[in-house]
Amino acid sequence: MAPSAPRTRAALRMKQIALDNQDRTIRRLRAQLATQRRGLAATKKELEDTQVALEASHKVIAGLIEIGLSMSKKIERMKVKKQQVRANHVECHQKFQARIHEAEDSMQAQHLLIEALVDEKDSLLQTIHGLQEANNAPAPFDGDWEEEPEEEPEEEEIEDIPLGEGEIDDE
């Protein structure tokens, strides 16, 4: 059995080396697996965080869209109101122009009436003057007015009223 013993030992030694190599390979693979699991867990955590951030972004975007729609509605209402104000302004302007034209027409009519009255007054004065000359009477009116100076009312003096008993003196 002697010749087979070294072979057995060598075979055992070879098997032991193979087992050691397999053990190192298994440990190395286990370490790689643990590292990959940790990386996977970190990636999974990042994915969850990203998904939460994405959902928050969607909510913000939805809120901004709602605000934008609300602003658009307000802008449209403001445009309508601006058009109404513009239309009211035009209407008021037209009314004022009509009033101005009425006033101008009225003033022109009054001016013509005044001219007619002045002409009639002159005609009457000439008729009176002609009648006075025909009757040799003195002229009661020569067309010149003598204005009497207005008298300015004198300021009344304020009487000192004596304070009686029981009255409050503010001085």
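User: What is a salt bridge, and which one does R27 form here?

Analyst: A salt bridge is a side-chain nitrogen of Lys or Arg within 4 Å of a carboxyl oxygen of Asp or Glu. In this predicted model, R27 forms a salt bridge with D23, their closest N and O atoms lying 2.8 Å apart. A note on reading it: local features need pLDDT of at least 70, side-chain atom pairs count only at pLDDT 80 or more, and totals for chains, interfaces and linings use all residues. Residues are numbered from 1 along each chain as its sequence is written, and side-chain values use heavy atoms, leaving out hydrogens and water.

User: How many helices and strands are in the chain?

Analyst: Helices (H or I, at least four residues) and strands (E, at least two) are DSSP runs, numbered from the N terminus. The chain has one helix and zero strands. R27 and D23 are four residues apart in helix α1, so about one helical turn separates them.

User: Which residue does D49 pair with in a salt bridge, and is D49 buried or partly exposed?

Analyst: Buried means under 20% relative accessible area, exposed over 50%, and partly exposed in between (1.4 Å probe, protein chains only). D49 forms a salt bridge with K45, with 3.3 Å between the closest N and O atoms. D49 is partly exposed at 40% relative accessible area, and K45 is partly exposed at 46%.

User: What percentage of the chain is buried?

Analyst: Buried residues make up 1% of the 171 residues.
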